[in-house]
Amino acid sequence: SPQQARPGSADTAGQPDWVTAFVQRKEERDMVDRLKEEQIRRKKREDRLEKIRQNVQLKYAAKRKRCEDDEAKRLLQLSKEALSQGAGEDALDQLDHNEEELILAEYESDDEKKVVSGLEEDDDDDLEEEHVTKIYYCSRTHSQLSQFVHEVQKSPFGKDTRLVSLGSRQNLCVNEEVRRLGALQLINDRCMEMQKNKHEKKSNEENEGKKRRVSRTVCPFYSFEQMQFLRDEVLVEVKDIEQLVSLGRETKACPYYGSRFAIPAAQLVVLPYQMLLHEPTRKAAGIKLKDQVVIIDEAHNLIDTITCIHSAEVSGSQLCCAHSQLSQYMERYRKRLKAKNLMYIKQILYLLEQFVAMLGGNVNQNPGSQAVSQTGTVLKSINDFLFQSQIDNINLFKVQHYCEKSLISRKLFGFVERYGGSASAVKTNKENQKVAGLQDFLLTLQQGSDKEGTPQSPPVEAEHDQLRTASPLMQIEGFLSALTNANQDGRVILNKQGTVGQSSLKFLLLNPAVHFAKVVEECRAVIIAGGTMQPVADFREQLLCCAGVDPARIVEFSCGHVIPPENILPIILCSGPSNQQLEFTYQTRDLPQMMDETGRILCNLCNVIPGGVVCFFPSYEYEKQVYGHWEKTGLLSRLAARKKIFQEPKKANQVEQVLVEYAKCIKRCSQTGGQMTGALLLSVVGGKMSEGINFSDDLGRCVIMVGMPYPNIKSPELQEKMTWLDKTMPRAGGQAPSRVLIENLCMKAVNQSIGRAIRHQKDFASILLLDHRYARPAILNKLPQWIRERTQVKPAFGSAFAELRKFHRGKLDAL
């Protein structure tokens with residue numbers, strides 16, 4: 001009967017059973033075949049690496065081949081030089097031909113055929129290699145990554161772990177000509193252009209005329225064979241960035257690309273934040289997160305970092321400068337540029353005009369001399385900004401794609417380098433006179449005035465500024481790509497200062513979760529780790545829940561510190577020696593009695609605490625104000641009798657010097673004895689000393705926190721973030737999300753700063769928080785658990801002082 005036949009003969013989709021079974025079996029067979037192939041490939045790779053480990057001969061053979069190649073190149077170069085000596089007029093002609101490099105190649109947009117796809121892939125099928133399961137470990141700075149790599153080298157796994165360190169071209173490039181460019185964006189663009197030249201050279205070698213070919217430079221280190229050798233060397237033995245660079249120099253192979261070739265086979269990939277958190281960079285590096293494990297270390301700043309990576313700012317002077325350069329460029333090469341290039345250049349020029357108009361200026365006048373009528377800060381949603389600047393009819397995605405593919409900012413930089421700098425000797429003919437306007441413009445920017453006349457050679461100190469103004473289009477590209485974010489996830493800030501040149505446009509990302517969601521979706525596991533992560537609610541709500549993570553997937557783990565609990569003494573002090581209540585709010589902290597009380601506390605402490613004392617202030621301005629007040633009242637000289645006083649410098653390059661002097665002083669005092677007992681370092685929360693610097697042992701026996709370092713609540717960026725949080729986040733424990741944000745930002749900064757003193761198992765230190773507000777349960781709960789459990793709240797100074805003296809005497813006797 002039909003009823004019986006139906007279930008036996010066909011499934012629900014109307015397909016006969018035998019067809020379904022056949023398809024299923026075929027899929028299974030294919031998968032088995034794929035896995036077998038992958039296994040064979042992995043076996044081959046393991047054998048090759050083992051062979052390299054064992055067989056020193058292979059290394060020598062490769063080295064000998066390199067020497068032969070070098071010698072051949074040298075002889076070729078010598079013969080070329082000998083030929084060119086007899087060709088005087090030809091050499092002049094070639095100089096003009098160098099300009100070919102500056103002209104944009106014909107551009108094919110996204111809908112047309114993509115020419116530059118898979119260029120390296122045809123060299124070797126090894127590049128198609130499957131990614132083995134791996135751990136991506138990322139941290140904030142290269143020095144932290146190096147530290148981690150050294151720990152892996154020392155560990156029992158160091159011998160047979162396949163580890164690869166990734167870095168930016170700035171850290172890994174070994175081509176001196178490119179390294180000399182200094183700025184990261186310039187290095188990136190120059191490198192990309194050299195590769196492009198190499199591929200063009202391959203395809204056009206037969207057809208291209210001799211002159212055209214001479215002007216194209218290719219990178220000698222971008223040799224596929226040598227990079228394969230470097231890849232194998234990297235996988236055989238664990239190497240940090242420095243070792244990788246020296247290996248690249250020795251093997252004449254590019255460490256930047258060689259290390260990328262090693263990613264599929266590596267088990268552990270070590271990389272900086274930006275590479276992992278910025279999707280375009282991640283794709284370019286060939287990082288595939290599908291089903292992998294990611295560890296983000298030093299993650300207390302993770303939200304800020306993501307916000308920072310995806311925010312962008314451009315000044316009025318950069319916009320005007322880019323407009324001037326680009327219009328000069330277009331004028332000079334108008335006859336040589338294809339229609340599509342001209343169309344996009346005109347679009348970019350229009351965008352720049354409208355941006356400057358939004359700041360209340362005109363691109364054709366000097367930005368330094370145009371006054372802005374209404375100063376102040378205005379915030380706009382992305383859509384409002386696009387409509388008001390009348391650029392909503394331009395497809396920013398296409399413009400952004402054009403900038404990336406055509407390398408226009410690099411071409412423009414080359415053009416300005418040649419004609420913008422007064423040092424370069426420009427032959428005066430009709431063509432070059434057009435460029436004189438650009439020279440004048442750049443010079444007026446440097447001098448900050450609108451003097452006309454012939455350009456003189458710029459002063460030495462203007463060199464860095466020149467580099468910055470030489471290629472402002474690169475900054476602007478970042479701003480354009482930021483404008484392609486969704487309307488609700490960001491804001492545009494118009495910051496109008498005295499002149500158009502000083503004013504700026506800034507894109508502020510409000511929702512970091514949109515950029516973190518991809519990482520969370522693709523990975524098998526994400527570990528967000530750090531020494532002081534409290535308070536962790538931010539990560540859970542703003543990053544993970546907003547990115548659509550199921551709360552059941554989020555596991556929190558916190559462990560105690562390596563030091564015994566009796567090695568720290570954290571005290572919350574509510575009032576000073578003269579019973580003045582300690583409350584450092586914006587209104588009260590400037591009062592003379594508050595500054596006097598702070599000075600008295602420090603004087604008393606410096607009498608009983610040996611070695612180094614580090615005192616953190618909420619800002620540079622307040623630290624300067626207090627220091628000036630103490631100088632007037634004579635308190636500073638009383639302090640200086642017990643401890644030599646050091647101040648944290650504002651310039652990063654002076655930090656090292658101050659720290660060295662500080663350490664020397666403490667060492668000298670501990671050896672000689674006498675009235676001077678060490679040094680006092682006046683630092684700033686969120687400054688150079690509050691993160692990444694270790695005050696271990698005698699360098700930091702006591703950390704003092706003056707007041708609560710709340711962020712500037714009047715800042716428009718923070719105001720916007722607070723409004724956004726209140727709109728999008730649920731209220732937690734009866735508190736508004738914006739209020740929680742302010743408290744969390746403050747306590748994260750406190751936790752980072754006070755964590756500087758305890759750096760190893762036998763270290764000890766006292767921690768003093770000067771403000772009665774720290775005793776509130778909501779604030780106290782945001783201290784790290786290992787500090788919170790030992791914290792004592794002292795209403796009066798006397799008992800706190802007795803406790804501190806007892807603690808330090810006991811520790812000195814134990815030593």
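This report describes selected helices, strands and residues of a predicted model.

The model is predicted, with local features requiring pLDDT of at least 70 and side-chain atom pairs counting only at pLDDT 80 or more, while totals for chains, interfaces and linings use all residues. Residues are numbered from 1 along each chain as its sequence is written, and side-chain values use heavy atoms, with hydrogens and water left out. Helices (H or I, at least four residues) and strands (E, at least two) are DSSP runs numbered from the N terminus.

Helix 5 covers residues 142-154, and its end C-alpha atoms lie 19 Å apart. In helix 5, Gln144, Leu145, Ser146, Val149 and Val152 are buried. The buried residues of this helix pack against strand 1 (135-139), strand 2 (163-165), helix 11 (241-251) and strand 3 (268-272), where contact means heavy atoms within 4.5 Å.

Ser139 belongs to strand 1 and is buried, with 0% relative accessibility. Leaving aside residues up to four places away in sequence, Ser139 touches Gln144, Leu145, Leu271, Pro272, Tyr273, Asp297 and Glu298. The side chains of Ser139 and Gln144 also form a polar contact of 3.1 Å. A polar contact is a pair of N or O atoms within 3.5 Å; within protein, one must be able to donate a hydrogen and the other to accept it, and residues adjacent in sequence count only if both atoms are side-chain atoms.

Four strands form an open sheet in the order 5-8-7-6, with antiparallel pairing. Strand 5 (312-315) and strand 6 (376-381) are its edges, each pairing on one side only. On average, neighbouring strands of this sheet are turned by 20° against each other, direction ignored. Helix 16 (residues 316-333) packs on the sheet, touching strand 5 and strand 8, and its direction makes about 70° with that of strand 5. Axes are lines fitted to C-alpha atoms, for helices over the stretch in contact, and angles run from 0 to 180 degrees between N-to-C directions.

Elsewhere, strand 13 (residues 678-684) has seven of its seven residues buried. Strand 13 pairs with strand 11 and with strand 12; pairing requires at least two bridges found by DSSP. The table lists strand pairs, each with a pair of facing residues.

| Strand pair | Sense | Bridges | Facing residues |
|---|---|---|---|
| Strand 7 (490-496), strand 8 (504-509) | antiparallel | six | Arg491, Leu508 |
| Strand 11 (611-617), strand 13 | parallel | seven | Gly612, Ala679 |
| Strand 12 (643-647), strand 13 | parallel | five | Lys643, Gly678 |

**Glu597 and the cysteines**

Glu597 is found in helix 27 (residues 592-608) and is buried at 0% relative accessible area. Its side chain makes a polar contact of 2.4 Å with that of Arg600. Glu597 touches Gly576, Pro577, Ser578, Asn579, Gln580 and Leu582, not counting residues up to four places away in sequence.

The structure holds zero disulfides, a disulfide being a pair of cysteine sulfur atoms within 2.5 Å. For Cys173, the nearest cysteine sulfur is that of Cys219, 6.5 Å away; Cys173 is buried, with a relative accessible area of 11%. For Cys545, the nearest is that of Cys546, at 7.5 Å, and Cys545 is partly exposed, with a relative accessible area of 35%.

Conventions. Expected span 1.5 Å × (residues − 1). Buried < 20%, exposed > 50% of the residue type's maximum accessible area, 1.4 Å probe, protein only.
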